[in-house]
Amino acid sequence: MVGTALIGMYAKFGLVDVARLVFDGMGIKNSISWNTMTDGYMINGKVEHAFKMFDEMPERDAISWTALIGGFVKRGQFEQASEWFLRMQLSGVKPDYVTLIAVLAACADLGTLGLGLWVNRLIMKQEFKDNIKINNSLIDMYARCGCIEFSFQVFDKMPERTVVSWNSIIVGFAINGHAEEALEFFTLMLKEGFKPDRVSFMGALTACSHAGLVDKGLRIFHNMKKVHGIPYRNEHYSCLVDLYSRAGKLEDALDIIKKMPMKPNEVVLGSLLAACRTRGNISLAERLMKYLSKLDPGGDSNYVLLANIYAAVGKWDGANRTRKKMKALGILKTPGFSSIEIDCDSHEFVAGDKSHVETKCVYRMLELLSFELKVSGYVPEDMLSESYEHD
């Protein structure tokens, strides 16, 4: 229908209100029209309008649910995506392969292995088990959840593979610390005639960085452009800087940054700043911070890292000066959090957190565990140090 096509076009250009006028002016609306309008609201960030449209639908199908689930994934709201997928299951609507790819992406980001395993079982029961895109998503999900063995099982059983399949397993091995396997699969990919892309090289360079293979990493970096004709991007220079930094060659890393044909971003500079902490190089950290404060003036992580670098070498005046500057600029430290998955649901906690709905139960369990530890003979370290002082 022309009307539905117009809704999609206006929504993609950000004119969602015009899209709604077209929708309201349509004499006959089918499920595609309703789904397109719902998706239009989601991609333009009007979530409440999307909910209202979804609730008013005369009939909801897999595409209707996927419009919300996929929309949340694109917006980085992965918990909401998982929640709506579970609601979809309760509604009895059967998901399609697009739905499953979206929810696997949410599982990968949240690290919710339990839900990911459940989705995998669901896939095996349906006709999607040989779908290349779904298998690629499974490889990525398992790798990012730390289960690289499961990633390999999926990859190994695939009847057909694409470059994305190879990239997923190469990057998966690399980020899980299996550098040798990552480089082995990178070589095997080339032998089987697949043309590597920028992601393939990022995986190989990451593997070299983690394994301390500087010379091999440099060869791969140079071959990327010289042999394969792939232009370098900021992320590849970031890998190269990290390669030198982890090997303790900070000046070489800085030289790479100076010679970059494009302006280095905060990821490239932040990688070297992190290495300055490991090596205790304060002078270089201070120089880098001047650039980082311009690139990311409101970012808290770099200031916190610089303060920690000062503190690590006992320069408390520098650490205090950095914290005062953060306060003057109105920059607040983002609190770190821990998360745990229970029954396919992710729970997050910060230090001293009492905002969780089950706070009382959590603290009661902690008290019980503490009591059982004492009964078993455990003595806290602070009590041990006190007894030694008295002795």
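**View 1. Salt bridge between Glu 56 and Lys 52.** The side chains of Glu 56 and Lys 52 form a salt bridge with an N to O distance of 2.6 Å (a side-chain nitrogen of Lys or Arg within 4 Å of a carboxyl oxygen of Asp or Glu). The two are four residues apart in helix 4 (residues 47–56), and therefore about one helical turn separates them; helices are DSSP runs of H or I with at least four residues, numbered from the N terminus. Glu 56 is partly exposed at 39% relative accessible area (buried is under 20%, exposed over 50%, partly exposed in between; 1.4 Å probe, protein chains only). The model is predicted: local features need pLDDT of at least 70, side-chain atom pairs count only at pLDDT 80 or more, and totals for chains, interfaces and linings use all residues. Residues are numbered from 1 along each chain as its sequence is written, and side-chain values use heavy atoms, leaving out hydrogens and water.

**View 2. Salt bridge between Glu 83 and Arg 87.** The N to O distance is 2.8 Å for Glu 83 and Arg 87. Both belong to helix 6 (residues 78–91), four residues apart. Glu 83 is partly exposed at 39% relative accessibility, and Arg 87 is partly exposed at 38%.

**View 3. Salt bridge between Arg 144 and Asp 109.** The closest N and O atoms of Arg 144 and Asp 109 are 3.5 Å apart. The pair links distant parts of the chain, with Arg 144 in helix 9 (residues 132–144) and Asp 109 in helix 7 (residues 97–110), 35 residues apart. Salt bridges with shared partners join Asp 109, Asp 140 and Arg 144 into one network. The whole structure holds 10 salt bridges.
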